[in-house]
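Let's take a friendly walk through a protein chain together. Have the sequence and the 3D view ready, and look up each residue as it comes along.

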Amino acid sequence: MRRISLLLLLCFFMTAAVSLSEVTFIDVPPAPAEGADQSAIEPSSSPLAEGAVEILITAAGDVTFGGNMRKNPASTMYTKWVDQHNGDLSFFFANVQDIFSQDDMTLVNFEGVLTENTQHKDNPFIFRAPPDHVRALTLGSIEAVSLENNHVMDFYQAGYDDTVKALQSESIVYASDGRMGLFTVKGVTIAMLAYQTFDGAYPRLLEQVPQDIETAKAAGDIVIVSYHWGVEEDYAPNEKQINLGHATIDAGADLVLGHHSHRANPIELYNGKYIVYSLGNCSFSGNTSPRDMDTFLYQQKFTVENGVTTPGPFRVIPASISSLSGTSGKERADNDLIVTPFPEGTPGIQRVLDKLKENGKKLAYGVESYPTEWQ
C-alpha cells in the first residue's frame with residue numbers, strides 16, 4: 001500500500017544522507033493578535049548577504065491529464081488537443097515554460113493517473129493518460145508535484161504505482177501522505193509534504209502534521225506543505241482549512257499551498273508566513289469550458305543563510321487555463337489545456353486580482369495587496 005509505515009519512512013531519511021548538524025531549528029514566534037498590524041512581519045526584499053542563497057519557487061494549481069474514462073476516451077477533449085499538436089507534449093505549458101524554467105523549482109498538484117490499467121473506481125470523473133505523457137511535465141520545466149488528492153487512487157494501487165513509476169522515470173519529485181519529497185537546488189534542500197483532508201482527516205492531521213514538519217525541518221532547509229482540502233467551487237477557505245493552515249505554520253512550515261476547489265482563493269499572511277488557500281486550476285482536462293477559467297501562478301522568494309531560512313516576498317501572475325481565453329483576457333472560451341498568463345492591459349488581470357482581494361476580506365490575516373511585480 002502507498003501509506004508507508006513509520007519504519008520505512010525512517011529508513012528513507014537514513015538513506016537521504018542529510019546531516020542533521022547542518023540544520024538550524026528556528027523558534028516560531030507567537031501568532032499576532034487578530035487585527036494586529038501584519039506589515040511589521042511581512043517578508044521583504046533586501047540585498048543578499050555574502051554566503052546567502054536566494055531560492056525562487058513557483059506554485060501552480062491542479063494539473064489533470066487524460067480523458068474521462070467514464071466515457072469513450074478516444075472522444076475526449078484531451079485526445080483532441082494532443083492530436084491537434086501531433087503528439088508534441090510541450091504544448092500544455094508552452095506559455096508558462098519561460099516562467100517555470102527561470103525559477104529554482106516549480107511545484108504543481110498532479111490530479112490524475114498515468115497508467116495503461118483499465119480497472120477503475122466507479123467515480124463520476126476518472127482521468128487517465130498514458131505513462132509517457134509524464135514528459136509534458138518535464139518539457140514544461142516542472143520539477144515537483146503534490147500527489148495527494150481525491151483522484152490519485154482512481155485506478156487503485158496499480159494505477160498509483162504506475163503513476164509513481166512514470167514520475168520517477170523523469171526524476172520528478174513527488175510528495176504524498178507518508179512520503180516526503182526532497183528537492184535540492186543551489187545546495188538548498190526543499191522538503192515537501194502533502195495531504196488530503198477528506199473522510200474526516202482533520203483531527204488526524206492536526207496531530208500528524210506537526211510531527212511530520214519536525215522531521216521535514218531536519219531533512220530540508222525550506223518546508224512546503226500542500227493540502228487538497230475545502231469544497232469544490234468555493235472561493236474562500238472554511239474554518240477547518242484556516243485552523244489547519246494556521247497550525248501548519250505554527251508547527252514551522254515555511255509555506256502552505258492549497259488545491260481542490262478549482263477556484264482561485266485568497267492568500268493569508270499568518271505569523272510571517274504565507275498560506276495560499278487554493279491555486280485553482282493549471283492545465284486542466286476536467287472540463288471543456290469551466291464556468292471560471294481564471295487562475296494564477298504563485299511565486300515566492302526565500303533566503304537561506306547558514307541553515308536559517310527567511311521568507312521573502314511573493315507575487316502572483318494572473319492567468320487562464322486556456323490560451324483561447326488567456327490571450328484575450330476573456331472569462332470563458334474553449335479549454336485548449338494551455339495555461340496562459342493574461343497579457344498586460346487585458347481585463348483578466350484585474351478580474352483575478354479583484355476576486356482575490358474581495359474574498360480575502362473574509363480572512364483575519366488576508367494580505368492587503370496582490371503584487372504582480374516584485375516589490
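Among contacts in the chain between residues at least 6 apart in sequence, what percentage join residues at least 24 apart? The figure is 72%. Please keep in mind that this is a predicted model.

**The chain as a whole**

The chain contains nine helices and 17 strands. Of its 375 residues, 58% are buried. The accessible surface comes to about 15,800 Å², and carbon and sulfur atoms account for 50% of that surface.

**A visit to Ile172**

Find Ile172 in the loop between helix H5 (156-169) and strand S7 (173-175). Is Ile172 buried or exposed? Its relative accessible area is 4%, so Ile172 counts as buried, the cut-off being under 20%. Leaving aside residues up to four places away in sequence, Ile172 touches Val134, Leu137, Thr138, Ile142, Glu143, Ala144, Val145 and Leu167. Arg135 is 37 residues from Ile172 in sequence, and their C-alpha atoms are 10.0 Å apart in space.

**Salt bridges**

Side chains of opposite charge can pair when their charged atoms come close. The structure holds eleven salt bridges, and the table shows three of them.

| Salt bridge | N to O distance |
|---|---|
| Arg135 and Glu170 | 3.4 Å |
| Glu233 and Arg263 | 4.0 Å |
| Asp292 and Lys355 | 2.9 Å |

Start with Arg135 and Glu170, which form a salt bridge. This pair links distant parts of the chain, 35 residues apart: Arg135 belongs to helix H4 (residues 135-139), while Glu170 sits in the loop between H5 and S7. Arg135 is partly exposed, at 35% relative accessible area, and Glu170 is partly exposed too, at 22%.

Next come Glu233 and Arg263, whose side chains meet in a salt bridge. Here, too, distant parts of the chain are linked, 30 residues apart: Glu233 is in the loop between strand S10 (222-228) and helix H7 (239-250), and Arg263 is in the loop between strand S11 (255-259) and strand S12 (267-270). Glu233 is partly exposed, with a relative accessible area of 39%, whereas Arg263 is buried, at 7%.

Finally, look at the salt bridge between Asp292 and Lys355. Asp292 lies in the loop between strand S14 (281-284) and strand S15 (294-305) and Lys355 in helix H9 (residues 347-360), so this pair ties together parts 63 residues apart in sequence. Asp292 is buried, with a relative accessible area of 7%. Salt bridges with shared partners join Asp292, Asp294, Arg351 and Lys355 into one network.

Conventions. Residues numbered from 1 in each chain as written. Predicted model: local features only at pLDDT ≥ 70, side-chain atom pairs only at ≥ 80, totals over all residues. Heavy atoms only, no water. Helix = DSSP H or I, 4+ residues; strand = E, 2+ residues; numbered from the N terminus. Buried < 20%, exposed > 50% of the residue type's maximum accessible area, 1.4 Å probe, protein only. Contact = heavy atoms within 4.5 Å. Areas by Shrake-Rupley, 256 points an atom, 1.4 Å probe, with all protein chains shown as cover.
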